[in-house]
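Subject: Structure handover and findings

Dear colleague,

Please find below the structure that I am handing over to you. My findings follow it.

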Amino acid sequence: MLRSRRSLLVWQLWKKRCSTPSRCQGEGVSPTPEDLHNALRPAAHLLFKKLKDEQLWQLSEAVESRGRWDSGCVWLPWEGRAGKQVLPPQVLVCRLYRWPDVRSTTELKSLSHCENFWWKSGEGTTVCCNPYHLSRLATPAEVSTSPINKIREAACPTLCKVALTDKEFSRHAVWGLHDTTVSQSSICDGHWCKLAYWEHRTRVGHLYSVTESSVHIFHDLPKASGFCLGFLGHQPRNETVRRTRKKIGLGLVLSHEQGEVWVYNQSKHPIFINSSTLAAVHARGQAVRKLLSGYSIKVFDAEIAANLLRRPDLGNGPHDPHSIRISFAKGWGSCYSRQFITSCPCWLEILLNTPK
């Protein structure tokens with residue numbers, strides 16, 4: 001009875017792998033008939049047989065929900081050296097259900113809610129094989145750089161000082177961006193960043209303080225906690241904003257990791273990121289980076305930011321290396337019809353804390 005139940009679970013998992021419909025953009029292509037008959041199938045069955053029934057159910061739930069809820073870690077012993085199994089189990093599972101072209105663990109990154117995130121893998125350890133506890137690292141690739149006149153760029157809000165000076169108050173008022181609800185709290189309240197959600201030129205809701213090491217930012221997600229954009233009311237909304245809000249879905253995960261800030265795109269659509277530490281050192285103007293679904297990228301590096309602040313050529317304009325901007329589903333800059341982020345329907349401003 002138990003053996004037949006296990007066989008059924010193994011078959012269901014393989015069937016889900018073979019019939020996985022549209023993966024999110026960035027999560028590879030649908031399986032081809034060729035790869036269903038190659039060495040991947042026996043390797044998958046070998047992996048499934050090593051899992052207990054409870055682990056098989058957890059893996060099945062993770063695959064079925066595609067990360068919409070956390071089904072927990074799926075542990076499997078793994079020695080960090082080559083053996084009978086060519087691929088590490090986490091790479092094999094990611095090939096099966098997310099990225100058919102992933103090759104090694106160096107292309108993957110554990111997410112902050114996975115226990116593997118806090119452990120250092122080594123010989124004789126166990127690894128989590130839940131494919132939705134992993135993200136794929138974005139490789140250095142296309143970065144669209146958009147040179148923008150500093151005076152025109154001032155149209156884009158920069159609230160990273162949180163408490164606006166009189167000069168900043170006047171500048172934001174001239175451009176129609178002044179928000180009287182800007183928090184006056186200081187760096188003493190324990191947050192490492194604050195989040196501001198915008199729709200075009202209008203900020204919606206209050207600033208959201210982040211004190212935990214990671215925060216989930218989403219529009220609609222069952223059994224989740226974090227910054228829920230779906231609860232933020234703002235009327236009236238135009239049709240473009242309404243359509244874009246529906247695309248936010250599972251949103252993104254923002255995590256603070258030893259002087260670095262990482263973003264994981266959990267939605268089905270790409271997000272677009274502007275951060276001074278993402279651009280090359282010699283880059284001018286804004287650099288907008290497209291991040292596909294399922295990928296992670298480091299959006300802030302404290303050491304690089306410190307070097308930027310020492311650069312005399314940046315001047316005293318609105319540039320701030322401690323401010324990050326993310327647009328949902330819509331890009332901006334020289335490669336897009338929207339030149340400024342204030343033209344994007346739904347976007348997020350991350351205001352990093354910089355204690356003295």
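A contact, as the word is used here, means heavy atoms within 4.5 Å. By that criterion, residues 24 or more positions apart account for 66% of the contacts in the protein with a separation of 6 or more. Please note that this is a predicted model, in which local features need pLDDT of at least 70 and side-chain atom pairs count only at pLDDT 80 or more, while totals for chains, interfaces and linings use all residues. Residues are numbered from 1 along each chain as its sequence is written, and side-chain values use heavy atoms, with hydrogens and water left out.

Overall composition

The protein comprises eight helices and 16 strands; these are DSSP runs numbered from the N terminus (helices: H or I, at least four residues; strands: E, at least two). Of its 356 residues, 50% count as buried. Buried means under 20% relative accessible area, exposed over 50%, and partly exposed in between, with a 1.4 Å probe and protein chains only. The accessible surface comes to about 18,100 Å², and carbon and sulfur atoms hold 55% of that area (Shrake-Rupley method, 1.4 Å probe; for residues, only the protein chains shown count as cover).

The sheet

Seven strands form an open sheet with mixed pairing, in the order β2-β4-β14-β11-β10-β8-β9. Its edge strands, β2 (108-110) and β9 (227-228), each pair on one side only. Two strands are said to pair if DSSP finds at least two bridges between them. Strand β11 (residues 260-265) and strand β14 (residues 295-301) are antiparallel and share five bridges; in this pairing, Val261 stands opposite Phe300 of β14.

Nonpolar cores

A nonpolar core is a set of buried Ala, Val, Leu, Ile, Met, Phe, Trp, Tyr and Cys residues joined through side-chain atoms within 4.5 Å. The largest one has 58 residues, of which Leu195, Leu254 and Ile273 touch the most other members. Helix α4 (residues 89-97) gives the most to this core, namely six residues. A second, separate core has ten residues, including Phe272, Val288, Trp332 and Cys344. Leaving aside residues up to four places away in sequence, Ile273 touches a list of residues that includes Val263, Leu278, Ile297, Val299 and Trp332. Arg325 is also among the residues that Ile273 touches, and Arg325 returns below as a salt-bridge partner.

Salt bridges

There are ten salt bridges in the structure, each defined by a side-chain nitrogen of Lys or Arg within 4 Å of a carboxyl oxygen of Asp or Glu. Glu239 is partly exposed because its relative accessible area is 40%. Arg242, at 38%, counts as partly exposed, and so does Arg243, at 46%.

A further salt bridge joins the side chains of Arg325 and Glu349 (3.9 Å, N to O). This pair links distant parts of the chain, with Arg325 in strand β15 (residues 323-328) and Glu349 in strand β16 (residues 347-352), 24 residues apart. Both Arg325 and Glu349 are buried.

With kind regards
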